[in-house]
4 protein chains.
Amino acid sequence: MPNMRILNFKSDNEAPAHEKVVDALVQANDGYATAYAADEWSLRLDQAFSDYFETDVSVLPLATGTAANSIILGTLSPPWGAIYCHPNAHIHNDEGGAPEFYTHGAKLCPVCGENGKLDAAILDETITQAGAHGVHNVAPAVVSITQATECGTAYTADEITSISEVAKKHGLPMHMDGARFANAVSYLEASPAEITWRAGIDVLAFGGTKNGAMDAEAIIVFGNRPDWLEGMHRRRKRGGHLLSKMRFVSAQLLALLENGLGHTLAGQANLKAQKLAKELSAHQHIALVWPVEANEVFIETSEAMFQHLEANGVAFHRWPGYRNVGRLVCSFQTPDEAIDALIHLTKTGP
Amino acid sequence: MPNMRILNFKSDNEAPAHEKVVDALVQANDGYATAYAADEWSLRLDQAFSDYFETDVSVLPLATGTAANSIILGTLSPPWGAIYCHPNAHIHNDEGGAPEFYTHGAKLCPVCGENGKLDAAILDETITQAGAHGVHNVAPAVVSITQATECGTAYTADEITSISEVAKKHGLPMHMDGARFANAVSYLEASPAEITWRAGIDVLAFGGTKNGAMDAEAIIVFGNRPDWLEGMHRRRKRGGHLLSKMRFVSAQLLALLENGLGHTLAGQANLKAQKLAKELSAHQHIALVWPVEANEVFIETSEAMFQHLEANGVAFHRWPGYRNVGRLVCSFQTPDEAIDALIHLTKTGP
Amino acid sequence: MPNMRILNFKSDNEAPAHEKVVDALVQANDGYATAYAADEWSLRLDQAFSDYFETDVSVLPLATGTAANSIILGTLSPPWGAIYCHPNAHIHNDEGGAPEFYTHGAKLCPVCGENGKLDAAILDETITQAGAHGVHNVAPAVVSITQATECGTAYTADEITSISEVAKKHGLPMHMDGARFANAVSYLEASPAEITWRAGIDVLAFGGTKNGAMDAEAIIVFGNRPDWLEGMHRRRKRGGHLLSKMRFVSAQLLALLENGLGHTLAGQANLKAQKLAKELSAHQHIALVWPVEANEVFIETSEAMFQHLEANGVAFHRWPGYRNVGRLVCSFQTPDEAIDALIHLTKTGP
Amino acid sequence: MPNMRILNFKSDNEAPAHEKVVDALVQANDGYATAYAADEWSLRLDQAFSDYFETDVSVLPLATGTAANSIILGTLSPPWGAIYCHPNAHIHNDEGGAPEFYTHGAKLCPVCGENGKLDAAILDETITQAGAHGVHNVAPAVVSITQATECGTAYTADEITSISEVAKKHGLPMHMDGARFANAVSYLEASPAEITWRAGIDVLAFGGTKNGAMDAEAIIVFGNRPDWLEGMHRRRKRGGHLLSKMRFVSAQLLALLENGLGHTLAGQANLKAQKLAKELSAHQHIALVWPVEANEVFIETSEAMFQHLEANGVAFHRWPGYRNVGRLVCSFQTPDEAIDALIHLTKTGP
């Protein structure tokens, strides 16, 4: 039986951080630094991300993606707002009600679509019908998409633009949950600008933790929105997310941006997932549930096969809400031998 | 063209109050009375409703059903709770986010079912699957049903029991939104006890306003739950619903209970709706959307017919979320001539 | 022993409503009326109060003053706001945390001053020092005063202006809790305009219930503030305060305005309090705690005297936070014989 | 002019982390680890802290003290609760309203006392008088103290016990904000047990960040309280504080506990503060505001002296709410030469 620790396909957040991120963090531990994100590392973030996105942005570093998404939504939506997202959205299913907490009770309204992506036409119809009864209804407030999606696919710039146009038509801002943003950039071979502000995104939760960091995420606000920034800074403090020694978060973010490290790591993860998907889909009893575009592979197979894999030390998630669907995630750290071992196991399985 | 005011089928809350309710309120205006629900009228409520329900209950009077439902849900659900209700539920669609406000952000989770009623099997499966990911998911907290339902139907005692059994199996309390409770009692020819606590209901929002009162609702807690009562009393005050001169609300509730006035009025309203439904369903271009059991008639017909009715002064609601569906509501005050005039209009329509 | 019911000096909210208010309510029960404050009575409020205040105002009727104050504060203050008020303020001490609920956690910051009135200089210094540490502090958000005050005094127009000037200097809006607004108007012989918008008040919680109504209060917004109104309408619904049959609240408010009924009743209440104060202060063992300007008399006397009064059926409040202080409130209904009996009792006491 | 960077007396959270903490973090970056605090480091915390406290405790690691305090208070207090703390308390002044956010609007009620410590007698009287008006008042809910205090003093075990006895008498739990817990332990030469659970503390926010960590704090629950733990786990997730790679936080905490590293570092910081205090207090124009017991020195001196120090590169905080008071903080990293340079500057000053 292969080493169980290397057969870990549970999540990219179970992988270790990249050594360059760790190095950056160690180097940031040099002498005194102003507390509460007024240190030199944190102060460099606006420029570093403005370069990355080819436009002026404002950046708030913090330690978790749940906090980033929730602080953004709390700022963009009033407590009586409706936030439109895919039924599979992480903010809807996996954050324990954090968006509801930070928005003081906004309602997350699922809008369907193929492959984990909102359907622009359904979105338009949904928003058009909403709010017909004035204060008796919650008020349309935000459209939220995830890039890469929770189904492991990536929105093209055109797809995002179609959705943004619907949002803008109704006067709503666009939020992007970018927990796996680098994986989408890598797959699409698009620039970060193309799939964000140029496609109508207003605020991005930029993910570093799944991309090789220890605990580093950032709220990226495109354009000049002092009103939003005030609300975000207040909510970050009020939520307990203004780390006193923020330099250690910011240094990680800077490391990911330097020389495209984050993109490199995401590309490696994607490549591993592609390889895994190709081999698995060749198995006669295994089907891919959704196109594999980022670093996640969703497979549908028999219960016997799942049990066979589990019995042999493969760690992965049975996907909630679906029958006989499992999720396998690759990171830049996933060893090729783990992929080979997994493939081998499927061939010797039931 | 008939008098527009008598062709009002918009809602039972547009009808005037019954004269006996008004008399009770005028009589309550006699001399001094202790403030904040410690007056003699309010103090009689526990006994009066205990008699009505044939068991010991605790009663909190207040002025709106939205407040009653929301205070109950805020007490039964933690902020990270999941509240299961029908997709058509008033708490989900029509209260402007009040339940989310009073629960500090709980999530309302729709559970489908025919004719506005939760399906017990779907409910069981939904709760069973929920919460699999621990704190990442919201926690199953409350099952909420509406009696009579938002589709104008009424749950039988057996139907309620089936749902309650699922709730109890999962350790969840049962809430009943009884905005039109008397209409259900009247239709079912059941005792109030049979379709509440004997069928597993833990807390009821008892509706008076649509039943002939001016503004009188009550939270009814079955059994001995001092912990819930503490939370409800605190939330009623904190929500601004502890009226200083509560006697005027409580006197209305007592009037509805006296000599079965509420049941009588609900019976009259139901009868009118039955008559209306019977006649309308005989029309070849009009269909009933759901069985007419309480005092609401939902019809599906052509856009031309709806416009014809509207042009002739019939007031009713186009039902949101459905195409070509209109809702016609009767109250004890609906004149027979209004019903006749409406029927006549459909016959002379397109 | 005199009739205990007529020796009630506990609160003006224990008195019955005035018959003209009751008549108005009965008359409003005529036929159908559009629900949710779109009825003809509610629609007349903007004009009626604009006439009353000699300027354009927007009015939201509702049933309790706690709700009025809290909805206003929730609109004017962000969740991280500081609301400056007198240590004795009703919003700070007596609303069970309702302002904190509707603001989602704003902080009420006491600012001292004589006779229940904020001291403008202390207020200025307090606000100037607040917020020095940015997001680590709560942000100055609202200045709130009560008219008449919780000590039974009334702010003059000049006093209000001094406070408003401080608020405006710091960019903060002014809220007035007017639970006993008519008593202040009557005492000051000022116009409603002079002691509100002309003195810098932005939003008033207008009290009807203590002024002879059953349950009728109103949010009065001075000037053109569509942003505030949107927030207030949403919060009124979300708080469960949008009564479906709002006509019954609005009719009461209109009755109070008609022919100056509210002012007349407040004048009567004040006069009775003046008489009571004059007689009590002549007693060698009784002292007035604060000047008696509205309808409340605060006395300091011996424990023996308080027990003597209580033993003889005088109902009043021992005032929390003070030793040997009792509050006696008069309403337009307080019988002269009750005042005489009370005076007599003090003379025969210990 | 001396190097400005070494004259940093602003806060212990501007100092770098200790190298052993950094080493522990680097070593934790080894291979895969289960996400969301189910990793081996996090799983060792309960035992490690149970050894440290000589009793069974439950531990929730997280990244900030503001979050730790707020999650605790949100669990111990209902939304309508009163939390008693010193007027100088960090939770009251410096967390931007985070406790109000996590409690959904509880009220922080200042209770005075010398040297930053609650006075047990005043506390008793305050709680006794609170809540006299039932739901109209907020409900006494929690007593919170800070160890070491915000004035740089430390509660003795007896002092804590006196306060706890008052709290228990009123049925309230005790919270300790231990941002500088190790400094108090070191000063008092007490065991961690003596000044926590043995003295009546129920829950501790254990501070690591100011004690040499990068970003590591912990909620410590004494005794067997599954109800509290459920609420804390839910709130940690819902607040966005359940880091996916929690191992990096937990490894820091373990490093601080190992061989008493945290105590050693706190002892060094205290010693430096003692030296600084001794020398400064010998200056004829400088007075110590409070006894120097932990690692903070509060001095009162002339504006000219403060400006002299600032002009020469000494970084410190002018203390808000006081005139001519400055705070100087030492950490284990404060160089002796910085202290010498500061002393020298005061002697050459105005």
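Helices and strands in this presentation are DSSP runs, numbered from the N terminus, where a helix is H or I with at least four residues and a strand is E with at least two. The model is a predicted one, in which local features need pLDDT of at least 70 and side-chain atom pairs count only at pLDDT 80 or more, whereas totals for chains, interfaces and linings use all residues. Residues are numbered from 1 along each chain as its sequence is written, chains are lettered from A and ligands numbered from 1 in the order in which they are written, and side-chain values use heavy atoms, with hydrogens and water left out.

I begin with chain A as a whole. Its secondary structure comes to 13 helices and eleven strands. The radius of gyration of chain A, taken over C-alpha atoms, is 20 Å. The globule rule, 2.2 Å times the number of residues to the power 0.38, gives 20 Å for 350 residues, so chain A is as compact as a globular protein of that length. Along the principal axes, the C-alpha trace of chain A spans about 60 × 60 × 30 Å. Buried residues, meaning those under 20% relative accessible area with a 1.4 Å probe and protein chains only, make up 65% of the 350 residues in chain A. Contact means heavy atoms within 4.5 Å. Of the contacts in chain A with a separation of 6 or more, 75% are between residues 24 or more positions apart.

Let me turn to one residue of this chain. Ser58(A) is found in strand 1 of chain A, residues 57-62. Is Ser58(A) buried or exposed? With a relative accessibility of 17%, Ser58(A) counts as buried. Leaving aside neighbours within four places in sequence, Ser58(A) is in contact with Asp46(A), Ile219(A), Ile220(A), Val221(A) and Leu229(A). Between Ser58(A) and Ala37(A) there are 13 Å in space, C-alpha to C-alpha, and the two are 21 residues apart in sequence.

Next, chain B and its strand 4. This strand, residues 139-146, is mostly covered, as seven of its eight residues are buried.

Finally, the relations between the copies. Two copies of a chain are related by a rotation about an axis and a shift along it. Superposition is by least squares on the C-alpha atoms of residues with pLDDT of at least 70 in both copies. Chain C is superposed on chain B by a rotation of 180° with 0.0 Å of shift along its axis, at an RMSD of 0.0 Å. That is the relation of a two-fold axis. In chain C, the C-alpha nearest this axis belongs to Gly239(C), at 3.2 Å. The same surface serves both copies, as 100% of the contact residues of chain C recur in chain B.

For chain D on chain C, a turn of 180° and a shift of 0.0 Å along the axis give an RMSD of 0.0 Å. Gly105(D) comes closest to the rotation axis among the residues of chain D, with its C-alpha at 2.0 Å. The copies meet through the same surface, because 100% of the interface residues of chain D are also interface residues in chain C.

Notes: Buried means under 20% relative accessible area, exposed over 50%, partly exposed in between (1.4 Å probe, protein chains only).
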